[in-house]
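Visitor: Can you walk me through this one? I'd like the quick tour.

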Amino acid sequence: MSIEQIAPLVRGEYLRRLGVPVVVTALPDADSGLEAQQIGELASIAPPEGGDWGTSWVEVESVDELPAALAAAPLQNQGLVEVDGRSYGYKVSTVGAPEPLPHGKDPAASAAAARARVVQGKVAVVTGGAQGFGAEIVRGLVASGAFVYIADLNADGAAKLAAELGPNTAAVTVNVADEASVEAMAAQIAATTGGLDLVVSNAGIVRAGSVLEQEAADFRLTTEINYTAFFLITKHLGRLLAAQRRTAPDWTTDIIQINSKSGLVGSNKNGAYAGSKFGGIGLVQSFALELVEQGIKVNAICPGNFYDGPLWSDPDRGLFVQYLASGKVPGATTVDEVREFYEAKVPLRRGTYGSDVMRAIYYLIEQEYETGQAVPVTGGQVMLSS
Ligand SMILES: NC(=O)c1ccc[n+]([C@@H]2O[C@H](COP(=O)([O-])OP(=O)(O)OC[C@H]3O[C@@H](n4cnc5c(N)ncnc54)[C@H](O)[C@@H]3O)[C@@H](O)[C@H]2O)c1
């Protein structure tokens, strides 16, 4: 038994009773060596009317008895769970002052909600969050009042962004293509915030090349990171979401895959990438069907090219510089001309911004009545036909 198993059940119990996202922080413990954690700009949850806070205390023989025992216990802002003679302490707080979102037939649900309300106080993880689209998504979520795990293979990059954005972020080092690493991340999240509300599976790579020439190793690496990793992320973080759902049967959560326009139409000499992205949509649709039972919506966003991001604009290794050097754009003699050539392919005449992707993320979270979809954000470059 460990705090990783207990904390999601505790978090779920508070989600159910309060109707707003909370953070469950494990208290330091001499036996387990758990240290005091400083996370987030946390606020106390309000005490019961006319009452004072105390400590909830629940004693069970096995974790299976815990949901019923928690449901019978008074609501307190901290508690102690004793399972089979071993005790675990926790504290419950919120990030900011989140308000419940109106749902379903509530007339208030048809009024436009402020963007921030959609994610305020929620706990999110963004893979590949250290740079590019991932960093844009991290910034957008933090600006809207969420607590965000910046999960990346690039530990320094994630730590640097976390330091810049402040206490409502935590850097996590993870290789999304490695199951043990993803599992360890899920355990770390459970022990730190008790659970999650939003998973953005964004980490991805491009290894372009002709099918007649590409090394199989490059094809496999692309598949591992863009395709297989989405299975690993959904498996282990989905289990965490499902665990918290045991005590919060009405709490819905989101898994959003950052796909690509290349997941909707083929890409010349870029088959490894396009194939992995097409496959990603198959996983999104399939996982969406299964995870409805766990209250988890699973959707994809298919952005067009992020010309301002490092993949395209890096002054040394970016695609604009590479395409200029290789003469891929006939007649282009400067990086700006290469860029103009690509921008002209987009009906709305520009590349995709981080803010375009963020608006799709807010839409998918706020929209209760959609799952298994792939939402294009391409400036009209790819239009759906079926
Ligand atoms: N840049 C574009 O034009 C564009 C267009 C459409 C879709 N996308 C998609 O957006 C996502 C992000 O792309 P980007 O261009 O911002 O990429 P990027 O290369 O700028 O950043 C990717 C991040 O993912 C991290 N990463 C790579 N492999 C990882 C692994 N195994 N485990 C954990 N982290 C890992 C990197 O360290 C990096 O921080 C990708 O899924 C990509 O396919 C990008």
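Visitor: Where does the second largest pocket lie, and why there?
Guide: It lies between domain 1 (3-95) and domain 2 (107-377), because both give residues to its lining. The domain bounds come from an automatic or database assignment. This is a predicted model: local features need pLDDT of at least 70, side-chain atom pairs 80 or more, while totals for chains, interfaces and linings use all residues. Residues count from 1 along each chain as its sequence is written, and side-chain values use heavy atoms, without hydrogens or water.

Visitor: What volume does that pocket have?
Guide: About 580 Å³.

Visitor: Which elements give it two or more residues?
Guide: Helix 1 (3-18), helix 3 (115-119) and helix 12 (354-366).

Visitor: How far is the side chain of Tyr273 from the ligand's oxygen?
Guide: A polar side-chain atom of Tyr273 lies 2.5 Å from a ligand oxygen. For Trp312, a polar side-chain atom is 3.1 Å from an oxygen of the ligand.

Visitor: What about a nitrogen of the ligand?
Guide: One is 3.4 Å from a polar backbone atom of Val174.

Visitor: How much of the ligand does the protein bury?
Guide: 91% of the 830 Å² that the ligand exposes when taken alone. Those areas use a 1.4 Å probe and the Shrake-Rupley method.

Note on methods:
1 Å grid on protein atoms, 1.4 Å probe; cavity = no way out; pocket = protein on both sides within 12 Å on 5 of 7 lines; lining within 4 Å. Points joined across faces, edges and corners; volume = space filled by probe spheres on them. Helix = DSSP H or I, 4+ residues; strand = E, 2+ residues; numbered from the N terminus. Polar contact = N/O pair within 3.5 Å; in protein donor to acceptor, adjacent residues only side chain to side chain.
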